[in-house]
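Trainee: I am new to this structure. Can we go through it step by step?
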Amino acid sequence: MAALPRIREWREAHRAVAITPGRYPCASESLLRRPAKGERLPRINDLVDLCNAHSLASRLPIACCDVAGIGAFRLAPASGAEEFLPLGSPDAPERPEPGEVAFLDERGRAHSRRWNWRQSDVVATRPGRRRLMISVESAHPGGRQDVAEVLESLRRVLAPRMTAGTAPHTVVLHPDRRSGAVLPAVPAAPAGGSDDAGPASWTRVSGRRW
């Protein structure tokens with residue numbers, strides 16, 4: 001597994017920010033390990049399953065996140081004071097280690113552990129009308145184009161299934177563009193729909209220029 005070029009690059013990326021890749025593999029490596037051992041992937045829901053299928057095919061970490069109410073968030077070293085609610089175990093909160101790279105929001109919460117190893121329960125994708133962000137990451141040379149291709153494939157599948165009057169919005173972050181509004185428009189919520197806190201923005205901070 002570690003010899004696969006895209007997995008190898010992710011392992012190097014994790015080492016660069018003091019993450020032990022064998023113990024805390026990136027999301028795509030964790031996913032690939034299952035079929036490599038003859039295991040079936042668990043069925044979650046159609047959207048998560050779609051993202052997992054794209055992750056297996058592209059060997060890129062892909063996360064589907066419910067970002068309603070998140071506001072501004074960023075990939076940055078944690079202070080250690082943030083709260084992380086593990087996926088499936090929100091009643092057992094954790095705190096990231098000081099300096100640990102994680103997705104953080106402006107309310108002092110961490111939504112991942114060790115970059116893209118684990119996702120929080122807060123942003124878990126569940127059935128119903130949701131405001132979602134799909135994150136596709138790369139660490140290998142030429143990865144920007146591979147990310148764009150995966151996003152376009154997902155866009156083609158998801159666009160017809162979105163709420164009327166909305167459209168997918170794509171932001172590709174790279175060394176020359178490190179931040180952007182991932183939800184620039186707030187569609188009117190139908191009666192009984194869930195509330196959200198407006199557009200979300202994402203800033204990626206990294207010590208290495210991918």
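Trainee: Does Ile7 count as buried or exposed?
Mentor: This is a predicted model. The cut-off for buried is under 20% relative accessible area. Ile7 has 0% relative accessibility, so Ile7 counts as buried.

Trainee: Which helix holds Ile7, and which residues is Ile7 in contact with, leaving aside neighbours within four places in sequence?
Mentor: Ile7 lies in helix α1. Leaving aside neighbours within four places in sequence, Ile7 is in contact with Met1, Ala2, Ser28, Glu29, Leu32 and Arg59.

Trainee: How far apart in space are Ile7 and Pro21, C-alpha to C-alpha?
Mentor: Start with the sequence, where Ile7 and Pro21 are 14 residues apart. In space, C-alpha to C-alpha, the distance is 9.8 Å.

Trainee: Where is Arg11, and is Arg11 buried or exposed?
Mentor: Arg11 has its place in helix α1. Not counting residues up to four places away in sequence, Arg11 touches Ala2, Pro21, Gly22, Glu29 and Arg33. Its relative accessibility is 16%, and buried means under 20%. Therefore Arg11 counts as buried.

Trainee: What pattern does the chain follow along the sequence?
Mentor: The chain has four helices and ten strands. Read along the sequence, their pattern is α-α-α-β-β-β-β-β-β-β-β-α-β-β.

Trainee: What percentage of the residues count as buried?
Mentor: The chain has 210 residues. Of these, the share that counts as buried is 43%.

Trainee: Which residues have the most contacts inside the largest nonpolar core?
Mentor: That core has 17 residues. The elements giving two or more residues to the core are α1 (5–16), β2 (72–77) and β4 (101–105). The residues with the most contacts inside the core are Trp10, Val67, Phe73, Trp115 and Met133.

Trainee: Which residues of β4 are buried on each side?
Mentor: β4 is mostly covered, with five of its five residues buried. In a regular strand the side chains alternate between the two faces of the sheet. Here both faces are covered. One side has Val101, Phe103 and Asp105, and the other has Ala102 and Leu104.

Trainee: In β8, which residue is the bridge partner of Asp66?
Mentor: Strand β1 (residues 62–66) is mostly covered, with four of its five residues buried. β1 pairs with strand β8 (residues 132–136) in the antiparallel sense, over five bridges. The bridge partner of Asp66 in β8 is Leu132.

Trainee: Is Pro96 buried or exposed?
Mentor: Pro96 has its place in the loop between β3 (83–84) and β4. Not counting residues up to four places away in sequence, Pro96 touches Ala78, Gly80, Glu82, Ala110 and Arg113. Its relative accessibility is 3%, so Pro96 counts as buried.

Trainee: What distance separates the C-alpha atoms of Pro96 and Ser79?
Mentor: Along the chain, Pro96 and Ser79 are 17 residues apart. Their C-alpha atoms are separated by 7.8 Å.

Trainee: How are α3 and α4 packed, and which residues make the contact?
Mentor: Helix α3 (residues 46–58) and helix α4 (residues 143–158) pack at an angle of about 150°, with their axes 11 Å apart. Angles over 145 degrees count as roughly antiparallel, so α3 is roughly antiparallel to α4. Their crossing is right-handed. The contact is made by Leu47, Leu50, His54 and Ser58 of α3 and Val150, Ser153, Leu154, Val157 and Leu158 of α4.

Trainee: What about α2 and α3: roughly parallel or roughly perpendicular?
Mentor: Ser28, Leu31, Leu32 and Pro35 in α2 meet Asn52, Ser55 and Leu56 in α3. Helix α2 (residues 27–36) and α3 pack at an angle of about 85°, with their axes 9 Å apart. That angle makes α2 and α3 roughly perpendicular.

Conventions:
Residues are numbered from 1 along each chain as its sequence is written. This is a predicted model: local features need pLDDT of at least 70, side-chain atom pairs count only at pLDDT 80 or more; totals for chains, interfaces and linings use all residues. Side-chain values use heavy atoms; hydrogens and water are left out. A nonpolar core is a set of buried Ala, Val, Leu, Ile, Met, Phe, Trp, Tyr and Cys residues joined through side-chain atoms within 4.5 Å. Buried means under 20% relative accessible area, exposed over 50%, partly exposed in between (1.4 Å probe, protein chains only). Axes are lines fitted to C-alpha atoms, for helices over the stretch in contact, and angles run from 0 to 180 degrees between N-to-C directions. Angles under 35 degrees count as roughly parallel, over 145 as roughly antiparallel, 65 to 115 as roughly perpendicular and the rest as oblique. A crossing is left-handed if the near helix is turned anticlockwise from the far one by less than a right angle, and right-handed if clockwise. Contact means heavy atoms within 4.5 Å. Two strands pair if DSSP finds at least two bridges between them.
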